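Visitor: I am new to this structure and would like to learn how its features are read. Could you guide me through it?

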Amino acid sequence: MIGRPARPGLRSSVTAAFALGALLLSVLLSVGTYVSARQLLLEQRERTALRQAYADAALVRDGLATSGTSVSEALGAVAPPAGASMYVHRRGQWYSSSLDQPGEALTAVVRPTVDGGSAGLGWTGRTDPHAVVVGIPLPSVDAQYFEVSVADELDATLRTLALALAVCAVLTTLAGAALGRAASGRVLSPLREVTGAATDIAAGDLGRRLADTDDPDLSTLVASFNQMVDALHERIERDARFAADVSHELRTPLTTLTTSLALLQRARDLGPPSQRAVELMADELTRFRRALEDLLALGRLESGIDEADLVVTEVDELLRHALATSSSPDLLRDTPGTGPGTSVRVDRPQMVRALVNLVRNAELHGGGLADVRAVAEGDHVDIVVRDRGPGVPPTERERIFERFARAGGTKTGTGSGLGLSIVAETVHRHGGKVWCASADGGGAEFVVRLPLSDTGEVPP
Amino acid sequence: MTTRVLVLEDDVALRTSLRLVLEDDGYEVAEAGDAEAALELVGGTDVDVMLVDLMLGGVDGFTFIRRARPLTEAPIVVISARDGVEDIVSALEAGADDYVTKPFDVAEVQARLRALLRRPALAQAASAPGEPQDGAAAAEVCVLDAEEGPLVFDRAAAHLRRGEREIHLTMTEYKLLMVLSENAGRVLSRAALLDHVWDRGFFGDERIVDVHVRRLRKKLEIDPAEPRTLVTVRGLGYRLDTR
């Protein structure tokens with residue numbers, strides 16, 4: 001499958017939209033500001049240039065009107081403002097206050113107007129930066145006066161303005177993005193809370209609910225979510241109750257069956273086929289009873305552990321009880337104990353049952369119990385049950401703790417298929433974990449890790 | 001003389017199968033399908049031991065036990081599908097002596113009946129558990145509390161007297177007091193008490209001991225909330241202090 005680029009998240013999209021909006025707005029404002037400011041500045045510059053040119057033209061005219069004064073002398077008598085050049089066109093001759101540029105080309109833009117007898121103003125691009133050109137006819141001295149002022153101040157101002165506006169646009173865009181991020185964060189924060197609650201619930205905390213809110217936009221979501229969890233909780237409880245109720249209803253009939261069977265087993269006048277039938281019934285009833293007890297045990301575990309039932313117990317004592325009912329209680333002698341003081345806080349009947357299940361699992365499915373040991377380390381203790389079987393393939397090691405799962409998918413017909421799931425459930429309820437590994441020298445190794453209880457605590 | 005067992009169970013099939021097995025064991029069995037009929041049997045005839053279901057139509061098993069207790073001291077074994085700790089404790093506090101949850105193995109019920117019916121012979125009891133204290137075990141009458149009362153435990157007659165007042169003991173209470181008084185002054189663990197009084201030592205059953213100790217205290221102590229005769233030794237068990 002060809003991987004598609006990941007779709008941007010809601011938060012990224014909102015942030016990008018805010019940034020884009022801010023960018024467009026700031027560009028629009030910047031351009032508007034720039035255009036009108038430029039217009040204003042240009043007009044101001046033209047007015048200044050015109051005023052200056054009239055004043056200078058009057059001086060030049062007065063100079064020329066004085067007899068015997070040459071054009072150069074008249075020009076020299078006038079001090080042009082900085083950056084301005086003066087040109088006089090008289091009788092086909094060009095006179096200039098500067099030698100940079102030929103007057104003819106520079107003043108071309110206004111010459112037709114001036115030739116027509118009126119004052120003209122225009123811009124020329126021949127200089128860098130542009131220059132404003134003012135032409136004034138001086139008919140009284142048969143001359144034309146031109147003043148070319150390079151608009152470098154204006155240019156610098158406009159450049160600064162453009163830069164300032166660009167910086168503003170960038171800042172506005174960034175601010176927009178930040179605002180978008182904050183706003184989307186604010187909008188998404190209830191969603192994060194919902195996500196957290198959903199995660200907790202998925203992890204098994206069915207008591208988790210969203211806190212009530214007086215925000216009218218969120219109250220519907222909160223109410224619906226809590227209702228959904230309530231419904232889910234009720235459903236799960238109903239299912240669990242159903243299993244428990246069914247198991248419960250089977251207790252009395254099963255007891256009747258086993259009691260009646262006990263009577264049959266005592267009968268001496270049964271023929272061999274009947275005896276065989278009684279044996280089969282006995283085996284199946286034992287299996288049935290074990291399965292029922294396992295189902296009931298699971299039901300009890302699912303309804304949670306009562307704090308009041310937790311008792312500080314020495315690990316060695318748990319092992320002793322677990323092995324006492326196994327077919328190899330002698331193993332106890334060879335089991336290195338953890339010594340007094342290594343205690344766990346457990347519901348004793350439940351934990352013993354779980355350990356008995358592990359021992360029984362080794363005996364029934366693991367080719368026999370190899371050894372049992374307990375190792376305390378740090379703040380926990382590992383109880384290790386090792387068997388003599390072929391071991392559990394790595395792919396099966398998690399699955400075997402599921403209900404009705406059997407290693408290799410085979411039905412051996414001796415267990416209820418619930419033994420190891422009871423182990424897992426019990427250990428998890430006690431804040432521990434259980435896993436299956438391969439033992440050194442073959443066989444499977446089941447490890448139950450339980451947190452050690454605080455030392456010095458003594459059961460009453 | 002045959003031992004009479006009363007089976008109070010509303011499920012006809014289970015009741016019948018229990019009767020058949022118990023009769024095969026040589027017991028004389030009286031059946032009752034509800035508490036009223038059972039109470040009549042308890043009041044009218046001699047019953048040595050009772051098997052009682054808790055969930056019955058009409059009057060429930062707890063009420064039956066409370067009403068039957070003043071009429072007889074015969075041990076009561078509860079047979080119930082309810083396996084909650086609170087059910088077990090309430091049944092024992094109501095006056096039951098033992099508790100078996102369904103589905104049970106009938107062999108287990110038979111064993112418990114035998115254990116409860118075994119009347120502790122004085123000579124036999126004196127040798128176990130552990131060495132008795134001088135004077136305490138030898139005497140058939142033992143003064144538990146000379147200061148107030150006095151409180152006297154008459155082992156041979158199986159009764160308790162505080163001053164002029166006679167205090168009634170059930171079979172289990174009697175056995176428990178027997179073991180404790182033989183070992184007066186020394187601590188007995190729950191497991192040891194379970195072993196000697198109920199003949200077994202499984203894990204979860206240790207609560208039976210606690211409940212019976214509580215019941216016994218109500219009869220022994222002036223103030224059961226602050227026991228001075230039957231004291232708890234934290235983390236170890238119980239001890240009987242004679243004064």
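Guide: Let us begin with one pair of residues: the bridge partner of A:Val384 is A:Val447, which lies in E11(A). Please note that this is a predicted model, in which local features need pLDDT of at least 70 and side-chain atom pairs count only at pLDDT 80 or more, while totals for chains, interfaces and linings use all residues. Residues are numbered from 1 along each chain as its sequence is written, and chains are lettered from A and ligands numbered from 1 in the order in which they are written.

Visitor: How many bridges join strand E9 of chain A to strand E11 of chain A?

Guide: In general, strands of a sheet pair through backbone hydrogen bonds, either parallel or antiparallel. Helices (H or I, at least four residues) and strands (E, at least two) are DSSP runs, numbered from the N terminus, and two strands pair if DSSP finds at least two bridges between them. Here seven bridges link E9 (residues 380–387) and E11 (residues 444–451) of chain A, and the two run antiparallel.

Visitor: In what order do the four strands of the open sheet in chain A lie?

Guide: The order is E8-E9-E11-E10, with antiparallel pairing. At the edges are E8 (369–377) and E10 (433–438) of chain A, each of which pairs on one side only. From one strand to the next, the twist averages 20°.

Visitor: Which strands of chain A does helix H10 of chain A lie across?

Guide: Two residues are in contact if their C-beta atoms, placed from the backbone, lie within 7 Å. Axes are lines fitted to C-alpha atoms, for helices over the stretch in contact, and angles run from 0 to 180 degrees between N-to-C directions. Helix H10 (residues 348–365) of chain A lies across E8, E9 and E11 of chain A, at about 25° to E9(A).

Visitor: Which residues of helix H3 of chain B are buried?

Guide: A residue is buried if 20 or more other C-beta atoms lie within 10 Å of its own, exposed if 12 or fewer, and partly exposed in between. In H3 (residues 61–68) of chain B, the buried residues are B:Gly61, B:Phe62, B:Phe64, B:Ile65 and B:Ala68. They lie on the same side of H3(B) because they cover an arc of only 160° around the axis, the arc being that of the directions from the helix axis to the C-beta atoms. Among the elements they pack against are strand E1 (4–8) and helix H2 (35–44) of chain B.

Visitor: How many residues of chain B are in contact with chain A?

Guide: There are 20 residues of chain B in contact with 22 residues of chain A. On the side of chain B that touches chain A, H1(B) gives the most, with seven residues.
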